[in-house]
Amino acid sequence: MMSNQLRNLLIGAGVAAVGAIGTKVAVDYFKNRGQEEVVDDSQGDAEATSAEEVAYATVEPSSVQAFLDKSFGTPGRYTPNRPPKVFDYQGKQYMVIWAYDNKQQKNQMLAFIYTGQGRDMIASVGYTPEKTDYNLELANTPFAIEVNGKQIKSGQSEASGTNDVDFVLAA
């Protein structure tokens, strides 16, 4: 059932998966900043078997570009610059995209949760080495963002600059 919901999310967002849906211990999944290993289609879609696991899809980077262009109305404004995360965790589906904002000339992390009514943005973080600005609604999720070793779950504010922002399980 979970893999069907994740597949429906991908189809609805117009994001193309590569390979089958895999599972991984959530802590390890969120630590990985690189592309997830592609699960061979012949293995079929996996299901998370514990609350500690995520079911994830490895996505085609070019399809995330199309999603960003369609979602934000300005083709090419956002350019993906780190592998996105599309996953199901404890029965809820999420998509996290890291991109460069060519208009505002800063990196951006965008996180969405999928609901029966569609998708809601739950995190938007713009960051440069000089400044990080964020708008977060993660309080009702098990997640936080991590900036310079500090976890933040909610609010709209600024922090010191950083070269990377992570989407993590809240401590």
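Predicted model: local features only at pLDDT ≥ 70, side-chain atom pairs only at ≥ 80, totals over all residues.
Residues are numbered from 1 along each chain as its sequence is written, and side-chain values use heavy atoms, with hydrogens and water left out.

An open sheet of 8 strands is present, in the order β1-β2-β3-β4-β5-β6-β7-β10 and with antiparallel pairing. Strands are DSSP runs of E with at least two residues, and helices are runs of H or I with at least four, numbered from the N terminus; two strands pair if DSSP finds at least two bridges between them. Strands β1 (17-25) and β10 (154-160) stand at the edges with a single partner strand each, so one side of each lacks a neighbour in the sheet. From one strand to the next the twist averages 20°. Strand β7 (residues 131-137) pairs with β10 in the antiparallel sense over 7 bridges, and A159 in β10 is the bridge partner of T132. Helix α3 (residues 61-72) packs on the sheet, touching β2, β3, β4, β5 and β6, and its direction makes about 95° with that of β3. Such angles run from 0 to 180 degrees between N-to-C directions, with axes fitted to C-alpha atoms, for helices over the stretch in contact.

In strand β1, T23 is partly exposed at 28% relative accessibility (buried is under 20%, exposed over 50%, partly exposed in between, with a 1.4 Å probe and protein chains only). Contacts (heavy atoms within 4.5 Å) of T23 beyond four places in sequence include E53 and Y56. E53, in strand β2, is buried yet has no salt bridge, the nearest side chain of opposite charge, K24, being 11 Å away. The side chain of E53 does reach the backbone nitrogen of T49 at 2.7 Å.

The whole structure holds 10 salt bridges, each defined as a side-chain nitrogen of Lys or Arg within 4 Å of a carboxyl oxygen of Asp or Glu. One of them joins K24 and E36 (2.9 Å, N to O); K24 lies in strand β1 and E36 in the loop between α2 (26-31) and β2, 12 residues apart. R33, R82, D164 and D166 are linked in a network of salt bridges. Within this group, R33 and D164 meet at 3.0 Å, N to O, and the pair ties together parts 131 residues apart in sequence. D164 also bridges to R82 at 2.8 Å; R82 is buried, with a relative accessible area of 10%.

Conventions
Lys, Arg positive; Asp, Glu negative; His and termini not counted. Polar contact = N/O pair within 3.5 Å; in protein donor to acceptor, adjacent residues only side chain to side chain.
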